[in-house]
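Here are my notes on this one, for when you have the viewer open. Have a look first, then go through the points.

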Amino acid sequence: MGIYLNPGNDGFARAVRSEIYVDKTGLISCANRYMNTEQQYICVSRPRRFGKSMAVQMLAAYYSCGCDSGELFSGLEIENAPSFQEHLNRHQVILLNMQQFLIGAKNQSVTEYLEQEVLEEILEEYGTFIKRQDISLAHALRKIYAKTGKKFIFLIDEWDCVMRERQESEALQRQYLDFLRDLLKDQPYAALTYMTGILPVKKYGRHSALNMFWEYSMTDQGLFEEYTGFTQEEVRGLCDRYGMDFSGAGSWYDGYQFTRFQHIYNPKSVVEAMHRHKFSNYWTSTETYDALKIYMDMDFDGLRADIVQMLGGEHIRVNTLSFQNDMCSLRIKDDVLTLLIHLGYLAYDSVREEAFIPNREIIREFESAMNAGGWPEVMRVLKASERLLEATLCCDEESVARGLDRAHTEAASILTYNDENSLSCAIGLAYYSARKDYKLIRELPAGRGFADVVFLPLPFCNKPALVVELKYDKSASTAIQQIKDRKYTQALEGYSGEVLLVGVNYDKGDKNKAHSCVIEKLEIY
C-alpha cells in the first residue's frame, strides 16, 4: 500500500465508521459502467462541503489492489451490483490530491514535484521494467503497460486548485493542463479517470487541453445526481434517527435541484445539524462570506438587481454557456451568476435555465456579505421585515401599507415597479424575515389559477398561513375578491387552521401612499 499508488482503504474506513454515514456506494456502479469506454474520463465538479474527497476515497478503497475491502463494503448498496466482485480490489490505482501537491511544491514546479513523488513509488513497484531514471511519469506508465499489460485508474481530487489559487499565473496553468493532457489523454494505460473539483474543465481560457472529459457539474450532474448531496429520503431518515424536524432541515439545507432529483441537501451542513442537534448556518465553518462579497460587488449591469430579486424569492434567468470555467474571466453578470452556481451559493433549474438562492443557510451568507457594506438600502428593508410581518399577523392594514411604502422607497434605487411580477419580488423582500417560520411559494397552483405568494407555516411555529394576492393600479379589495372567487386557499391542501388573506395594491399615481392593503381571516378545517 502506498501514498499515491494503491493507497488502500483507510480513508473510506474512517467514513464508514463515523456516527453518521450515508451510503453513496451506488456511485461505484456508475464508474464501473464507464471503465475502458469512450466515456472513461469523468470530471464531477461540486461546491465545497459536498463530499468530493469522500467519493474519491471510496473509489480508492474499492479499486485499489493490495488490500481487502470486501468487509468494508458489506451491506452497502454496491454489494448487490453485478459488477461488484469483478472490480473489487483488482486495479492499479494512482491517487492524486492536487491541493497537497500545490502546498508541498513550495519553490518547485507543481508538476515537477508531483512527478518526483509519484515516480518514487512507481519505481519501487515496477523498477525492473524501467531502465532510465530521467523519465516522465507518462513515459514510465507506458513502459509498464507495454511490459505487463496492466492499466491504471486515476483518481484526482481538487484538480482545479491550481486554477483557483494561482489565478494570476497563466503560464503555470498552461503547464499544468499540458501535464494532465500528456498523462491522461489517449494513453493505453488509462482504464478510468475520475477527477473532481469545484469548477468544470472544458473551457479554461484558450487552452482546451482536457476536452476528452465528460463533465458533470452543478448545472447538470447527469448520472451522478443522487450522489451530489443527500437526497430527501436520506435526510428524512437522519431526522427520524436524531429527533430533528424534517421540514426545518429542508428549510435550512435543501434547494439544490436536478432533473431527476428535485431535492438535494448540503451534506456537510446536514451532518453538522444532526450532531449538534441544532439547525444553523454551518457554511461559515469552512468558508467566509468574503468570498461571496467579492462577486456580489462586481459592477456588472443588472447584477445587483438580480441578487435583490433572488433575496425576494425570485428565480433569475441565466445563460450558463458564456462562463469560461475560471474565476477571473468574468465579463458579464451571467458569468458571475454561473460561478456562484458552481460555488454552491446559487441553485440552478436546468429546465427553466434559472438561478435562485436555495435555502436559509445561503440566505444568511448573502445577508452577511451585504451587511459588510455597500448594500445599506437593502439591509434596511430586511431589518424592517420583522415589524412588517408582525403588523400583518395583527391584521394592521395601515401599518402594513406604510411598511410596504418604506420598503419600496428603500429598494427603489435597485428595483423598479412596472408590473405585478416586480411587485411580487418587492413583497418577497419586504417579508424577508418570514422565512424563519414560513416556506414562501410563488405562483402556487390553486383553484382556478395561481396564488401570487403563499406563506406556508413550518410545523410547530404556531402561526397562520398567508395567501397574498398582488394588484397593480387596481385595489386591495379586488385582490381579496380574486382570492375568494378563484378559491386560492385550495392550494393549502393538508393544512388546517387560521389563514390570512392579504390583498396588496400598488398605485403608481399616488407617490405619498402608493400601497394599500386589506387583510381578512378565515379558518380551514
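Predicted model: local features only at pLDDT ≥ 70, side-chain atom pairs only at ≥ 80, totals over all residues.

1. Contacts first: 70% of those in the protein chain with a separation of 6 or more join residues 24 or more positions apart. Contact here means heavy atoms within 4.5 Å.

2. Residues are numbered from 1 along each chain as its sequence is written, and side-chain values use heavy atoms, with hydrogens and water left out.

3. The protein chain has 20 helices and 15 strands (DSSP runs numbered from the N terminus: H or I of at least four residues, E of at least two). Its C-alpha atoms fill a box of roughly 90 × 50 × 35 Å along the principal axes.

4. Of the 525 residues, 58% are buried (under 20% relative accessible area, 1.4 Å probe, protein chains only).

5. Now the second largest pocket, at about 720 Å³. A pocket is an open set of points on a 1 Å grid over the protein atoms alone, where a 1.4 Å probe fits, with protein on both sides within 12 Å along at least five of seven lines; the volume is the space filled by probe spheres set on the points, joined across faces, edges and corners.

6. That second largest pocket is lined by 29 residues (an atom within 4 Å of a point), with Arg49, Phe50, Gly51, Lys52 and Met54 closest to its centre. H3 gives the largest share of the lining, 6 residues.

Definitions and conventions
Buried < 20%, exposed > 50% of the residue type's maximum accessible area, 1.4 Å probe, protein only.
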